[in-house]
Amino acid sequence: MPAEGSQAEPQPRGAGPHPGPAGVGETGGGTIAAVATAVAAGAGSVAIVRLSGPEAEAIGRQLFVAPGQQLWESHRVLYGHVVDPASGERLDEALLLLMRAPRSFTREDVVELHCHGGLEAVRRVLELVLAAGARRAAPGEFSQRAFLNGRLDLTRAEAVVAMITARGRRAAQLAMAGIDGGIQRRITALRERLLDQLAELEARVDFEEDLPPLDGAAVVAELAAVRAELEALVAEAHQGERLSEGLRVAIVGRPNVGKSSLLNLLSRRDRAIVTDWPGTTRDLLESDLVLDGVPLTLVDTAGIRVTEDPLERLGIERSHGALAAADGVLLLYDLSSGWSGDDEALRRLVPDGVPLLVVGNKADLLEPDQSSLGAGPVGPADVVISARSGEGREALATLLLQRCGLGDVTGLQVALNARQRDLAAGAAAALAASLEAAQQQLPWDFWTIDLRAAVRQLGEITGEEVSEAVLDRVFARFCIGK
Ligand SMILES: Nc1nc2c(ncn2[C@@H]2O[C@H](COP(=O)(O)OP(=O)(O)OP(=O)(O)O)[C@@H](O)[C@H]2O)c(=O)[nH]1
Ligand SMILES: [Mg+2]
């Protein structure tokens, strides 16, 4: 396992990569290069071309001209120009950062060329680097090298991807916990507890007579405790997944109750057309926003009613579709006209199991003495708001996230991704089978079969026990340049 701070560990230059974990082969080899930053026309002030491998420095020296007495030292920034050695043409003004092995992300020699952003200069610099002998990096190949060279475990590498793709503050915080090794430490600790039990059991299989008797109840208790922790991690992973992927929330209600106004209020911009004509919204309108750190796709829908207008009818059909596809529903009604049979009928349209929040809107139109909940015409609102004045926005946000199971995620320390979650669930199931063997008082070696399977699956999470094919699949999901 990579020890924290192992970057600084002394190692002779050019000693080559550390051996990877058992059973894992090397990737293509050679020196790889890619653009490490997002590339877009006319955008981004800086773009980075990154090289890693034995030829990185030589290629850098070939293409980069640093004026004056600047020294080519590791971890020092050089100023200069990228120059085409064939034509002498200056392609860009740039900075060059050299990080010699093993003090780099990949533990190989790394050179970064910090060029100007945009498309053209960076594209030409990359082509020059490739012409000078580097090979185009495959997706995730830098991270794969870092992993194979023992710089980081698999969970840390995957957490970097989670950070890059995080859409909200809470998802980013969880990604950071993974980068810090939160997942690796939790899983490794559980795996070691299982290995301790496995060692005890296997010793008894071979040398029962020579050893003190094994306390079967203590083994069972320990396996059950690890299993419970794994199941908790699996449950939390679902929360984490929703935090990173975001929720799809549909706003539904009768015409004119203020759905589009609510979309505008929550997205803090004038996204949807609002008029006092019932039947204004005809099509689904989506808005991506972040509510209390959680990414949300809010869907405004056409007000649902019986109508002869064919266009409006099509819109209403789509409203029904949005209801079916939602992770959560805001059912809006107009407090000033009260809760009606039509609103009740709409509530019954919300599929079972979909979190629903009944929202009373236009609170600003209520008389002060009408504003308490449950009093007659005010209706069954879970929360009362005014999309016009903004009153009740915070309460609605809090309650919506609560209903969707994301109310209190401050206790969430780490979140496994889908791959890690499936393995943790598999390990928990294997432990259940092992406990079953214990319950039936089968001989020790029956306990160990599933216990060994559980240990292997946890090892696959951190990358200690993982096949090359699995690794290739994991890193192929990374972006190029990472
Ligand atoms: N007083 C008051 N008026 C509101 C409030 N919210 C919306 N309105 C008004 O109600 C009318 C309808 O608002 P919309 O947001 O277009 O309603 P909608 O539910 O999207 O309507 P459809 O698209 O036709 O289904 C507009 O005149 C809004 O200004 C509110 O909180 N208070
Ligand atoms: Mg509308």
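Buried means under 20% relative accessible area, exposed over 50%, and partly exposed in between (1.4 Å probe, protein chains only). I kept that beside me while looking around this predicted model.

**Ground rules.** I count residues from 1 along each chain as its sequence is written, and chains are lettered from A and ligands numbered from 1 in the order in which they are written. Local features need pLDDT of at least 70, side-chain atom pairs count only at pLDDT 80 or more, while totals for chains, interfaces and linings use all residues, and side-chain values use heavy atoms, with hydrogens and water left out.

**Confidence.** I looked up pLDDT, the predictor's confidence in each residue from 0 to 100. The protein's mean is 88, and 92% of its residues reach 70 or more.

**Salt bridges.** I searched for a side-chain nitrogen of Lys or Arg within 4 Å of a carboxyl oxygen of Asp or Glu, and the count came to 34. One of them joins Glu158 and Arg477, with the closest N and O atoms 3.8 Å apart. Glu158 is in helix 4 and Arg477 in the segment after helix 14, so the pair ties together parts 319 residues apart in sequence. (Helices are DSSP runs of H or I, at least four residues, numbered from the N terminus.) Glu158 is buried at 6% relative accessibility, whereas Arg477 is exposed at 54%.

Ser260 and Thr281 are both buried.

Methods: Helix = DSSP H or I, 4+ residues; strand = E, 2+ residues; numbered from the N terminus.
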